Amino acid sequence: MGTLKVNLLAVAVVGMALAGCQSSRMDPVSTAPAPLQPAPSGSVSQSQLPPPGGSNQFPTAPTTGNAAPAPQGNTQVAALPPENAPDLTASSVAGVWNASMGGQSCKIATPQTKFGQGYRAGPLRCPGELANLSSWAVSGKQLTLYDAAGGTVAKLYSSGQSKFDGQTSGGQNVSLSR
């Protein structure tokens with residue numbers, strides 16, 4: 001009788017194994033899921049998108065050809081560049097400058113990040129007209145500082161190694177040095 005139990009047990013195991021192979025999940029032909037119902041759609045309209053930020057974020061391009069205002073009073077600042085003033089390049093101006101104007105000082109960052117016709121500028125706690133500084137550009141011997149609207153804040157010329165002198169558009173003397 002012991003052999004019969006073993007044989008029955010073997011038959012039962014083989015039968016269960018065969019039954020497992022016959023499950024519907026192993027069928028080569030499976031039923032596909034039912035198709036999805038389309039989502040309700042509204043009406044489609046077309047219109048022009050507004051510019052990013054709601055308005056043009058770039059200032060108007062600075063204009064060239066305006067001479068620096070003539071100096072007033074007894075001053076060392078020249079309206080025209082000194083004869084020996086070097087031609088400027090963006091890389092010679094890029095960096096952080098110590099600015100002084102009307103007895104007050106601050107710092108001005110002049111990175112070479114393109115902005116409008118020139119490069120971005122960052123006044124760091126600057127007084128008066130320099131507080132409105134937004135960009136800068138070089139043209140020949142002249143460094144021009146601009147506000148966000150593209151208006152001229154100041155025009156300067158190189159007056160020595162790492163030094164610029166000039167005037168603001170309001171006529172105040174301004175100096176940059178490193």
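1. The largest nonpolar core of this predicted model has 22 residues, and those with the most contacts inside it are Leu-130, Leu-143 and Leu-145. At least two residues of this core come from each of α2 (90–93), β1 (95–101), β2 (104–110), β6, β7 (142–147), β8 and β10. A nonpolar core is here a set of buried Ala, Val, Leu, Ile, Met, Phe, Trp, Tyr and Cys residues joined through side-chain atoms within 4.5 Å, where buried stands for under 20% relative accessible area, exposed for over 50%, and partly exposed for the range in between, with a 1.4 Å probe and protein chains only. In soluble globular proteins, nonpolar side chains tend to be buried together.

2. If its neighbours within four places in sequence are left aside, Leu-143 is in contact (heavy atoms within 4.5 Å) with Leu-88, Val-93, Trp-136, Ala-137, Val-138, Ala-154, Lys-155, Leu-156, Phe-164 and Leu-176.

3. On the conventions behind these values, residues are numbered from 1 along each chain as its sequence is written, and side-chain values use heavy atoms, with hydrogens and water left out. Because the model is predicted, local features need pLDDT of at least 70 and side-chain atom pairs count only at pLDDT 80 or more, whereas totals for chains, interfaces and linings use all residues.

4. The protein holds two helices and 10 strands, and from the N terminus on its elements run α-α-β-β-β-β-β-β-β-β-β-β. These elements are DSSP runs numbered from the N terminus, with helices (H or I) of at least four residues and strands (E) of at least two. Of the 178 residues, 27% count as buried, and residues 24 or more positions apart account for 41% of the contacts with a separation of 6 or more. The protein exposes about 12200 Å², of which carbon and sulfur atoms supply 56%; the areas come from the Shrake-Rupley method with a 1.4 Å probe, and for residues only the protein chains shown count as cover.

5. The 10 strands form an open sheet in the order β3-β4-β6-β7-β8-β9-β10-β1-β2-β5, with antiparallel pairing. β3 (114–115) and β5 (122–124) stand at the edges with a single partner strand each, so one side of each is left without a neighbour in the sheet. Two strands are taken to pair if DSSP finds at least two bridges between them.

6. Within this sheet, β1 and β2 pair in the antiparallel sense over seven bridges, and Ser-100 has Ser-105 in β2 as its bridge partner. The hairpin of β1 and β2 has two residues between the strands, and in it Gly-102 takes a positive phi near 55°. β1 also pairs with β10, again in the antiparallel sense, over four bridges, and there Ser-100 stands opposite Ser-175 in β10.

7. Strand β9 (residues 163–168) and strand β10 (residues 173–177) pair in the antiparallel sense over five bridges. In the hairpin of β9 and β10, with four residues between the strands, Gly-171 takes a positive phi near 95°.

8. β8 and β9 pair in the antiparallel sense over six bridges, and Phe-164 in β9 is the bridge partner of Ser-158. Ser-162 lies in the loop between β8 (152–160) and β9, in a hairpin that has two residues between the strands. Its phi is near 55°, a positive value in a residue other than glycine, and Ser-162 counts as partly exposed at 32% relative accessibility.

9. A further backbone point concerns Arg-125, whose phi is near 60°, likewise a positive value in a residue other than glycine. Arg-125 is placed in the loop between β5 and β6 (133–139), and Arg-125 is exposed, with a relative accessible area of 82%. Leaving aside neighbours within four places in sequence, Arg-125 is in contact with Ser-105 and Cys-106; from Cys-106 it is 19 residues apart in sequence and 5.8 Å apart in space, C-alpha to C-alpha.
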